[in-house]
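Here are some exercises to work through with the model open beside you. Try each task before you read its solution.

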Amino acid sequence: MNAKQRKIIYRIMPYAILTFIGICFLLPLLWVLVSSLDTNAMQSLKMPHKVTANNYIDVVSSRPNQRAFGIGLLMSLGQALLVVVIGLLAAYPLSRYQLKYKKSFMLTILFMTSLPITAVMVPVYQLFLSLKLYDNIFGVILFYVASAMPYGIWMLKNFMDSVPNDMEEAAWVDGASVFAGIRKVVAPLMIPGICTVAIFTFSGSWGNFFVPYILLNTPEKFPASLKLYQFFGQYGMVDYGKLAAFSVLYAIPSVMLYILSQRFMSKGFGMQGGTKG
Amino acid sequence: MSSVTANVLYQRRRRTNFTWFYFLFPSIAIMLVFFIYPILLTFLYSFTNLALTGEAAKELKFIGFDNYVHMWEDPTVRISIWNTLVFLMGSAVIGQQVLGFIIALLMKHKNRTFRRVIGTVVLAGWVTPEIVCALCLYSFFGDEGTLNMILEFFGISAVTWLYTVPMLTIILANIWHGTAFSMLVFQAALDDVPNEIEEAAVVDGASRWQILYRIVLPYIKQTITTNAMLVTLQTLGVFGLIYAMTGGGPGTSTTTLPIFMYNQAFVNYQLGYGTAISLLLLIMGVVLSLFYIRSVKE
C-alpha cells in the first residue's frame with residue numbers, strides 16, 4: 001500500500017464508519033416510523049403496501065388514549081411549573097445573599113442531582129401508602145417535583161448568577177418589592193434558563209416509566225408512558241402498526257422540546273448538573 | 001433618588017434576617033419529605049420485615065441484619081450484582097463512552113451536512129423515551145425482527161437474540177439510547193483541544209495515533225472521568241428499558257439490581273428485603289456521586 005492509497009483510505013474510512021454507525025442507529029427508529037403508517041406492520045422493517053394514517057386515527061380517537069396523554073401532560077406540565085416557581089424562589093437567596101453554608105448546600109444539591117431515583121422507589125411507595133398519596137396523580141406530581149428540585153435549583157441558581165445585580169437594584173429604587181423585582185426584572189432576564197429547566201424536567205417525567213408504574217394502580221390514572229407499556233404487553237404481538245403510531249405520538253413532545261431547547265442553549269453543552277429530570 | 005439611597009435599600013433588604021429561609025422553605029420542605037426522608041427510610045426499612053401480605057404485613061418488626069444475611073446467602077443477589085456490573089461496564093463505561101468518543105472524533109472537521117445527519121440520528125435515540133426505545137429495539141432484535149431479516153438476506157441463519165444473548169441485546173439497547181450524551185460531551189471537549197498543539201505535533205512528525213494517545217486523550221482526561229461517572233450513574237437506575245425488553249429474563253440472565261429490587265418488593269411483596277437491595281443500589285450511587293462531585297470540583 002503506497003502513501004497515496006493510504007491517504008485515500010484515511011479520507012474515506014471515517015465516512016464509512018460513521019455511515020455504518022448511522023445506519024445502525026437509524027434502523028430501529030425507521031421501523032417505528034414506517035410501521036406507524038402501515039396497518040399490516042410486522043416485527044421487521046418492510047415497505048407498507050399502502051401508506052395510511054389509519055393507525056394514528058385509531059390511536060387518537062380512542063378515549064382511554066386521549067386520557068392517558070392528558071394525564072401525562074398534566075403531570076409533566078404541573079411538575080415543570082412547580083419546579084420553576086419553587087426553584088426560582090430557592091435560587092434567589094442562593095444567588096444573591098451571602099449565606100454561611102451556601103457552598104456546602106450547593107454541593108449537596110449537586111450530589112442529589114446525580115443520585116439514582118430508582119434506589120428510593122420502594123420506600124417512596126411505602127411513604128405514599130402511609131400518606132394516603134398512593135394511586136394519586138397529584139402525589140406523583142409532588143414526587144416528580146421533589147426529584148427534579150435539585151437539578152432545578154442548581155441550574156436556576158447558575159442562570160440567576162448571570163443576571164446583573166444593578167438592574168434589580170434599579171427596580172427597588174423605583175419602589176419595587178423583592179418579589180416584584182424577581183418577577184419583573186430577574187425572571188424575564190432568565191427566560192432561556194427557565195425554559196431550559198422547564199423543558200428538561202418536562203421531558204424527564206414525560207419519558208419516565210418507573211415512577212408512575214410504582215405509584216399508580218388504577219389504569220384510568222395511567223399517563224402515556226404506562227399506557228404504552230400496557231399496550232405493548234397486551235396487543236404488542238398483534239398490532240404493531242397501532243403500537244408504533246402510539247409510540248411516535250408519545251415521542252413527539254420529547255423530540256419537539258429537545259429541538260426547542262437547542263434554541264435556548266446557545267453555547268456548547270455543559271457538564272454540570274445535567275443528569276436527569 | 002441617589003445611588004446612596006439605593007445602596008442602603010439594597011443592603012437592608014439583603015440583610016433582613018431569615019428572609020432566605022422563606023425563599024428556601026418550599027424547596028427544602030418538598031425535598032425533605034419526598035427525597036431525603038425516603039433515603040433515610042431506606043436505611044430503616046432494610047432492617048425490618050416489612051411486607052405487603054402475610055403475617056409480616058400486620059406488624060412491623062426489626063429483624064436486625066436478617067435481610068443482609070439473606071442477601072449474602074441469596075444466589076440471585078450475586079447474579080444481579082454481576083449482571084449490573086456487566087450492564088454498567090458494557091453499556092455505559094465502555095459502550096456509550098467509546099462509541100460516543102469515536103463518533104465525536106470522526107465527526108471533527110467533516111462535511112457539515114454529513115455531521116448534521118449522523119448527529120441527528122444518534123440524538124434521536126437519546127431523545128426518544130425509554131419505553132419507545134425498548135419497543136424499537138425489541139422489534140429490531142425480535143425473532144422476526146429487522147436484524148434477522150438483514151442476516152437472512154446475507155444468508156446467515158436467524159438468531160433468537162432475546163433468548164440466546166439477552167444481556168447483549170439490553171446492552172446494545174442502552175448504548176442506542178444513551179450514546180448521544182457522551183457524543184455531545186466529547187464533541188465539546190474535542191473542540192476545546194487547541195489546534196496549535198495538534199498542528200505542532202504534525203510538524204514534529206507525529207502519527208495520527210500518537211496525536212490521539214499523547215495529546216488529545218491526556219488533554220480531555222478530566223472530561224472522560226466526569227463523563228464516565230455521569231453515564232454510569234444514569235445507567236445504574238435503568239429499569240424501564242430492561243423491564244420492557246426482557247423483564248429481567250430469560251431466567252435471571254438480565255436481572256439487574258433495579259429489576260431484582262422490583263421483583264422482591266412488588267412481585268414477592270417483600271418490601272423489607274427489596275429495600276435492603278435498594279440500599280445496595282443507593283450506596284453504589286452515593287459512592288459514584290461523591291467521585292462525580294470531586295471530579296467536578298477540580
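**Exercise 1: An annotated span in chain B**

Task: Find how far apart the end C-alpha atoms of residues 82-292 of chain B lie, and how much of the span is helix.

Solution. The end C-alpha atoms of residues 82-292 of chain B lie 23 Å apart, and the span is 80% helix and 0% strand. Helices (H or I, at least four residues) and strands (E, at least two) are DSSP runs, numbered from the N terminus. Next, look at the record: an unreviewed UniProt entry places "domain: ABC transmembrane type-1" at these residues, 82-292 of chain B. UniProt positions follow the numbering used here, feature names are shortened, and annotations may be inferred rather than shown by experiment.

Some ground rules before going on. Residues are numbered from 1 along each chain as its sequence is written, while chains are lettered from A and ligands numbered from 1 in the order in which they are written. This is a predicted model, where local features need pLDDT of at least 70, side-chain atom pairs count only at pLDDT 80 or more, and totals for chains, interfaces and linings use all residues.

**Exercise 2: The build of chain A**

Task: Describe the helices and the overall dimensions of chain A.

Solution. Start with the elements: chain A has 12 helices and 0 strands. Then take the dimensions: the C-alpha trace of chain A spans about 70 × 70 × 35 Å along its principal axes. Finally, turn to the record, where the unreviewed UniProt entry annotates "transmembrane region" at several spans of chain A, including 68-92 and 137-156. Residues 68-92 of chain A are 100% helix, with end C-alpha atoms 36 Å apart. Residues 137-156 of chain A are also 100% helix, and their end C-alpha atoms are 26 Å apart.

**Exercise 3: Where the chains touch**

Task: Which helix of chain A gives the largest share of the side that touches chain B?

Solution. First count the contacts (C-beta atoms, placed from the backbone, within 7 Å): 74 residues of chain A are in contact with 76 residues of chain B. Among the elements giving two or more residues to this side of chain A are helix 1 (3-35), helix 3 (63-96) and helix 12 (240-264). The largest share, 13 residues, comes from helix 1 of chain A.

**Exercise 4: A helix and a loop in chain B**

Task: Is helix 6 of chain B mostly covered or mostly open, and is His109(B) buried or exposed?

Solution. A residue is buried if 20 or more other C-beta atoms, placed from the backbone, lie within 10 Å of its own, exposed if 12 or fewer, and partly exposed in between. Helix 6 of chain B is mostly covered, with 12 of its 12 residues buried; Glu130(B) and Tyr138(B) are among them. His109(B), in contrast, is exposed, because 8 other C-beta atoms lie within 10 Å. His109(B) sits in the loop between helix 4 (75-107) and helix 5 (112-127) of chain B, and its phi is near 60°, a positive value in a residue other than glycine.

**Exercise 5: Confidence**

Task: Where in chain A does pLDDT stay under 50?

Solution. pLDDT is the predictor's confidence in each residue, from 0 to 100. Its mean for chain A is 85, and 93% of the residues of chain A reach 70 or more. pLDDT stays under 50 over residues 267-277 of chain A. Where pLDDT is low, the predicted coordinates should not be read in detail.

Notes
Contact = placed C-beta atoms within 7 Å.
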